[in-house]
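Dear colleague,

Please find below the sequence and structure that I promised to pass on. My notes follow, and I would be glad if you read them with the coordinates open beside you.

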Amino acid sequence: MATSQDEAPDLEVVERAIQGDVEAFGQLYDHYLTPIFNFILFQVSSVEEAEDLTEIVFLKAFENLPAFRTKKVMENFRAWIYRIARNLVIDHYRTKKPTVPLDPDFPIASNEPPLGSDLQIKQEYERTMEMIQTLDEPFQQVLIMRFVQDMSYREIADVLEIKENYVRVLQFRGIQKIRTLMGI
Amino acid sequence: MNAMKNMSSETAFSLAQALEALATGNSTREEVLRRFPEYRDSLDRLLETVQGAREMPQISPREQFRTNARIRIMNVARAGRTTAAAQAALPASRTEVLTRRLGNVLVTMSVTFVVLFLGAWFTFSASNALPGDPLYSYKQSFENLQLLSASDTEDAILQAQFASARLTEIQLLTVQQRYDDIPQAVDGFERNIAQATAALATVARSNSSATLPVFEQMQAQLKNQSEILSNMMVLVPHHTRPEIERALAAASLFVNGDHNPG
């Protein structure tokens with residue numbers, strides 16, 4: 001469902017964006033907008049907050065593109081921009097807690113295959129989101145990136161700046177917590 | 001339910017692996033349930049959630065936000081690009097010029113500082129030089145430079161000051177036991193006294209009343225120094241004493257009024 005590495009923009013697009021090509025950065029924006037938005041939405045549960053934070057993520061990304069180049073991690077632009085989003089969400093929580101629930105009329109991405117009726121999808125989405133949102137930050141983000149965003153352990157490790165094995169541990173513990181929450 | 005709560009860590013880990021396989025599409029829900037038949041009933045709900053998370057559709061941002069945010073971000077990016085492009089286009093020139101200018105300023109300031117420092121050090125060192133010192137000739141040159149622009153009266157005063165300086169040099173050379181350099185200082189003293197006297201005479205021919213205060217001031221100064229020098233006579237070796245006596249004699253001639261312009 002989420003953006004896979006195969007669909008990621010060419011490194012050439014990233015390189016052009018770094019060089020200051022606005023249109024190339026526009027391509028990156030078009031490509032990563034929805035996954036980044038979803039990644040944030042899972043953690044803030046307010047559409048407006050998720051939109052604001054998503055926009056800031058891209059502004060920060062553009063601002064920090066030169067630093068991204070110097071880090072020589074061209075092959076993992078996705079992990080880099082997720083890291084920006086992750087840090088932004090952490091900063092966001094330091095100052096404010098979300099209080100607005102998910103908009104019930106929220107649109108589902110049209111390019112994704114629906115599981116059933118829209119109502120069923122929304123119910124499933126809300127249930128999963130509520131489940132994940134009750135977890136603490138590291139478990140929450142690992143599960144979102146792993147199961148919702150379909151990211152590899154390596155990428156998650158890059159985003160969280162931890163070792164791959166620790167990502168596996170967090171995932172394991174996160175599932176255990178969900179199991180506990182479900183009462184099973 | 002209780003069965004799942006009581007499952008061992010090993011089983012829990014195996015279950016987590018199975019869920020991972022399910023989430024990544026490497027296993028089916030039925031396969032996982034078959035693997036853990038004892039937890040089948042309660043596990044089914046968990047599997048549903050995990051699988052639901054994986055198959056959950058992406059939520060699209062609102063179209064209005066998508067468009068407006070893109071415009072805003074692109075505008076910022078263009079502004080950023082302009083700045084970046086300006087920096088890239090003028091890179092070398094702007095930075096280099098700035099660096100060069102800054103470098104020039106720093107070099108100029110450094111050179112000026114060094115020159116001023118050396119000049120100050122040189123002047124200070126030369127002004128304190130004694131006969132026999134490498135910088136003593138410069139000290140004499142400075143004195144000659146001062147005389148170039150001096151009037152007759154100023155010339156007389158300066159020569160008297162220089163004569164006084166020679167006596168001081170003799171005293172210092174005596175203290176430092178540099179007796180061989182004393183004759184040079186005495187020669188200078190005699191010369192300065194003679195030139196001061198000549199200058200006073202020149203001034204006296206045009207305005208005798210103006211020279212009297214200067215002469216009296218010079219007399220008093222040389223008298224004091226002569227007394228000090230006379231007391232120091234016992235400190236110098238015998239072969240140097242005639243030099244000291246020569247200086248005292250010249251001073252005595254001046255102090256006793258033999259050169260009195262009045």
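**What was found**

B:Q225 belongs to helix α9 of chain B, which covers residues 182-231. Please bear in mind throughout that this is a predicted model. Is B:Q225 buried or exposed? Its relative accessibility is 10%, and because buried means under 20%, B:Q225 counts as buried. Leaving aside residues up to four places away in sequence, B:Q225 touches B:S164, B:L167, B:T168 and B:Q171.

A contrasting case in chain B is B:S151, which sits in the loop between α7 (136-148) and α8 (152-175). This serine counts as partly exposed, because its relative accessibility is 35%. The C-alpha atoms of B:S151 and B:A199 are separated by 9.4 Å, although the two residues are 48 apart along the chain.

**The two chains overall**

Chain B has 10 helices and 0 strands, while chain A has 9 helices and 0 strands. Of the 262 residues in chain B, 37% are buried, whereas in chain A, with its 184 residues, 54% count as buried. The accessible surface comes to about 14800 Å² for chain B, with 56% of it belonging to carbon and sulfur atoms, and to about 8300 Å² for chain A, where the share of carbon and sulfur atoms is 50%. Among contacts between residues at least 6 apart in sequence, those that join residues at least 24 apart make up 62% in chain B, and the corresponding share in chain A is 66%.

**The nonpolar cores**

The largest nonpolar core has 74 residues, and those with the most contacts inside it are A:F25, A:I36, A:I40, A:F58, A:L65, A:F77 and A:I81. Which helix gives the most to this core? That is helix α2 of chain A (residues 22-44), which supplies 14 residues. A second, separate core has 29 residues, including B:L130, B:I170, B:A185 and B:V255. As general background, nonpolar side chains tend to be buried together in soluble globular proteins.

Helix α3 of chain A has 17 residues and reaches 24 Å from its first C-alpha to its last, which is close to the 24 Å expected at 1.5 Å a residue.

**A helix crossing in chain A**

How do helices α7 and α9 of chain A cross? The axes of α7(A) (residues 137-148) and α9(A) (residues 164-182) come within 8 Å and cross at roughly 100 degrees, which means that α7(A) is roughly perpendicular to α9(A). On the α7(A) side the contact is made by A:P138, A:F139, A:V142, A:L143, A:R146 and A:F147, and on the α9(A) side the contributing residues include A:V167, A:L170, A:Q171, A:R173 and A:I178.

With best regards

How values were computed
Residues numbered from 1 in each chain as written. Chains lettered and ligands numbered in written order. Predicted model: local features only at pLDDT ≥ 70, side-chain atom pairs only at ≥ 80, totals over all residues. Heavy atoms only, no water. Helix = DSSP H or I, 4+ residues; strand = E, 2+ residues; numbered from the N terminus. Buried < 20%, exposed > 50% of the residue type's maximum accessible area, 1.4 Å probe, protein only. Contact = heavy atoms within 4.5 Å. Areas by Shrake-Rupley, 256 points an atom, 1.4 Å probe, with all protein chains shown as cover. Expected span 1.5 Å × (residues − 1). Core = buried A, V, L, I, M, F, W, Y, C linked by side-chain atoms within 4.5 Å. Axes fitted to C-alpha atoms, helices over the stretch in contact; angles between N-to-C directions. Parallel < 35°, antiparallel > 145°, perpendicular 65-115°, else oblique.
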